[in-house]
Amino acid sequence: DTGVSQDPRHKITKRGQNVTFRCDPISEHNRLYWYRQTLGQGPEFLTYFQNEAQLEKSRLLSDRFSAERPKGSFSTLEIQRTEQGDSAMYLCASSLAAVAKNIQYFGAGTRLSVL
Amino acid sequence: DAKTTQPTSMDCAEGRAANLPCNHSTISGNEYVYWYRQIHSQGPQYIIHGLKNNETNEMASLIITEDRKSSTLILPHATLRDTAVYYCIVRVDASNDYKLSFGAGTTVTVRA
């Protein structure tokens, strides 16, 4: 257990529905990252926050995706009007940017299946 | 644009050392070599990182060639729980370097 919690662990939804995932980082970590991983591939960066500010978004993050980190604590990732291509593992990670190592600690992920 | 090249898969025997190679011929002077692994159904786990000197911790050893164009991760006594996908990543070790760029990694299977 790395200390990064993700909920739910699994989500099955029908195409067109909206889904929301939650990530609780390690409490003192000021950076939070979202990645997406499809079968057989390594994780791909989606976006990251430093405290409550969203500082970078990948081109993979279409307009249907939105992420928030209110108060710089937990984060949510929402996907609107889900498509079958959104089926993937969504991983959250956190780190403490104040130290040079900036090692990212990952949660176990949320597996999304869009039917 | 892949910065590292790793074999797709490898097997090793339980109790023996597992040597995982990684090529990073275009590595810059300020880029570190990081290793993560991902056990099935879990998130990636940090293993070790280094710049140019060899590094060792409780999980593994990292050997970096003098020209820094390649490295080897060594699991000294592999166990069945070391079966995982291992990712070699190069990145600047700075607080403003915010993302990890994963490739496909090496699938390591430890056999009894």
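This is a predicted model: local features need pLDDT of at least 70, side-chain atom pairs count only at pLDDT 80 or more; totals for chains, interfaces and linings use all residues.
User: Are the planes of the rings of A:Tyr33 and A:Tyr35 stacked, edge-to-face or tilted?
Analyst: The centres of the two rings, those of A:Tyr33 and A:Tyr35, are 6.5 Å apart, and their planes stand at 35°. Stacked would need planes under 30 degrees apart and edge-to-face would need over 60. Because the angle is 35°, the pair of A:Tyr33 and A:Tyr35 is tilted.

User: Is A:Tyr33 buried or exposed?
Analyst: Buried means a relative accessible area under 20%, and A:Tyr35, the partner of A:Tyr33 in the tilted pair, has a value of 0% and is buried. The relative accessible area of A:Tyr33 is 0%, so A:Tyr33 is likewise buried.

User: Which residues of chain B belong to the one aromatic cluster?
Analyst: The cluster includes A:Tyr33, A:Tyr35, A:Phe45, A:Tyr48 and A:Phe106 from chain A. One of its members in chain B, B:Tyr34, also has the charged end of B:Arg91 over its ring, 5.1 Å from the centre. From chain B the cluster takes B:Tyr34, B:Tyr36, B:Tyr46, B:Tyr87 and B:Phe102.

User: Which residues in chain A lose the most area to chain B?
Analyst: The contact takes 21 residues from chain A and 22 residues from chain B, and the area buried between the two chains is about 1600 Å², with carbon and sulfur atoms giving 53% of that area. Three residues together account for 24% of what the side of chain A buries, and they are A:Pro43, A:Ile103 and A:Phe106.

User: Which strand gives the most to the side of chain A that touches chain B?
Analyst: Strand S4 (31–37) and strand S5 (44–50) of chain A each supply at least two residues of that side. With four residues, the strand that gives the most is S4(A).

User: Is B:Arg68, which has a positive phi, buried or exposed?
Analyst: Most residues other than glycine have a negative phi. B:Arg68 is not a glycine, yet its phi is about 65°, and its place is in the loop between strand S6 (61–64) and strand S7 (70–75) of chain B. Because its relative accessible area is 10%, under the 20% cut-off, B:Arg68 is buried.

Notes
Residues are numbered from 1 along each chain as its sequence is written. Chains are lettered from A and ligands numbered from 1 in the order in which they are written. Side-chain values use heavy atoms; hydrogens and water are left out. Rings of Phe, Tyr and Trp (its six-membered ring) pair if their centres lie within 6.5 Å; planes under 30 degrees apart count as stacked, over 60 as edge-to-face and the rest as tilted. Buried means under 20% relative accessible area, exposed over 50%, partly exposed in between (1.4 Å probe, protein chains only). A charge sits over a ring if NZ of Lys or CZ of Arg is within 6 Å of the ring centre and within 35 degrees of the ring normal. Contact means heavy atoms within 4.5 Å. Buried area is the accessible area (1.4 Å probe) that two parts lose on being put together, summed over both.
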